[in-house]
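Thanks for coming. Please have a look at the sequence and the model before I start.

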Amino acid sequence: MSAQRVDWVDTAKGICIVFVVMMHSVLGVEAAAGETGWMHAVVAFAAPFRMPDFFLISGLFLSNVIARGWKLYLDRKVVHFAYFYVLWMTIQFIVKAPVFSAEMGAAGALEFYLTSFVQPFGTLWFIYMLPVFFVVTKLTHDRGVPWQVMLTLAALLQIARVDTGWLLVDEFASRFVYFYAGYIFAPQIFRLASWARERIGISFGFLLLWGLVNGGLVALGWAAEPGIALALGVAGAGAIILTSALIVRWGRLGFLRHFGENSIVIYLAFFFPMAVSRVILLKLGLLD
């Protein structure tokens, strides 16, 4: 572990990015092939915790910088992500422009591009939402809003299952609670990771129990129900933390830490190899 990075945090991010790429790849292939495969069950199992854990981890180190002045804060936490969003949104749009033009016409495609500055584009919505979370958290911090109030409101928004059709609003309501919990409970989360390293047997027991409950609720179709989804998101984030701590303790699967260190790069760029490989596999008939 370097002085700048935390090994289990990068490993946790690596696990999540694997599940994210897997989800987009599997669902894309299934949609193109018109049928589901065995990996659909893996994707469904990971759905309750895949993005909650990503956002929780994104909030872990916020306490180190939230007291900074707005100029530096915006430069590090907003401009950084906004730059990558605009860059990759434009790149992806250019690649898909012929399809958009055929479906919407040139004027419609241009309107769609401009709308993407306020309505997150495709898989890039995660990059879009992070600056929003950073700004909202700092605003409430600077104005002295009690964290208990913010966490309660965030949890209620998640349970409410807001569905306006506006991705910015809907994803904020659904995901902010995990980001804010990562920020507020960072000390406890780091203690949990340390605890897991010293209690391997108990940690495995918790993970087995969690896996059975998570998998059972997914199989029953209850995982997305109000309240249950929040509980599974929190429990799943905790399970990934335990798993990551145990992997680091074991000293294997170092590629996951590498994936985590480069998770933003992978998240931004996986679209291209995924699309190309899907076309090749379908053309060769290897997915029949």
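Predicted model: local features only at pLDDT ≥ 70, side-chain atom pairs only at ≥ 80, totals over all residues.

Residues are numbered from 1 along each chain as its sequence is written, and side-chain values use heavy atoms, with hydrogens and water left out.

Helices first. Two packed helices are described by the angle between their axes and the distance between the axes. Axes here are lines fitted to C-alpha atoms, for helices over the stretch in contact, and angles run from 0 to 180 degrees between N-to-C directions. The helices themselves are DSSP runs (H or I, at least four residues), numbered from the N terminus.

Take helix 3, residues 50-58, and helix 10, residues 228-250. Their axes are 8 Å apart, at an angle of about 70°. That makes helix 3 roughly perpendicular to helix 10, a label used for angles of 65 to 115 degrees. Which residues of helix 3 and helix 10 meet? From helix 3 come Pro52, Asp53 and Leu56, and from helix 10 come Gly233, Ala237, Ile240 and Ile241. Contact means heavy atoms within 4.5 Å. By type, the residues of this contact between helix 3 and helix 10 are five nonpolar, one polar and one charged. For that count, Ala, Val, Leu, Ile, Met, Phe, Trp, Tyr, Cys and Pro are nonpolar, Asp, Glu, Lys and Arg are charged, and the others, Gly among them, are polar.

Next, helix 1 (residues 7-33) and helix 8 (residues 186-198): their axes come within 11 Å and cross at roughly 95°. Helix 1 is therefore also roughly perpendicular to helix 8. Asp7, Trp8 and Val9 of helix 1 make the contact with Ile189, Phe190, Ala193 and Arg197 of helix 8. The residues of the contact of helix 1 with helix 8 are five nonpolar, no polar and two charged.

Now the rings. The structure holds 33 aromatic pairs. Rings of Phe, Tyr and Trp (its six-membered ring) pair if their centres lie within 6.5 Å; planes under 30 degrees apart count as stacked, over 60 as edge-to-face and the rest as tilted. Phenylalanine 54 and phenylalanine 126 have ring centres 5.1 Å apart and planes at 45°, so this pair is tilted. Phenylalanine 54 is in helix 3 and phenylalanine 126 in helix 5, so the pair ties together parts 72 residues apart in sequence. Both phenylalanine 54 and phenylalanine 126 are buried, meaning under 20% relative accessible area with a 1.4 Å probe, protein chains only (over 50% is exposed, in between is partly exposed).

Phenylalanine 100 and phenylalanine 121 form an edge-to-face pair, 6.2 Å centre to centre with 90° between the planes. Phenylalanine 100 counts as buried at 10% relative accessibility, and phenylalanine 121 at 4%.

Last, two single residues. Where is threonine 123? Threonine 123 is in the loop between helix 4 (70-115) and helix 5 (125-142). Threonine 123 is buried, at 14% relative accessible area. Leaving aside neighbours within four places in sequence, threonine 123 touches His24, Gln92, Tyr267 and Phe270.

Glutamine 158 sits in helix 6, residues 147-160. Glutamine 158 counts as buried at 9% relative accessibility. With neighbours within four places in sequence left aside, the contacts of glutamine 158 are Ala173, Ser174, Val177, Tyr178, Ala229 and Leu230.

Methods
Helix = DSSP H or I, 4+ residues; strand = E, 2+ residues; numbered from the N terminus. Parallel < 35°, antiparallel > 145°, perpendicular 65-115°, else oblique.
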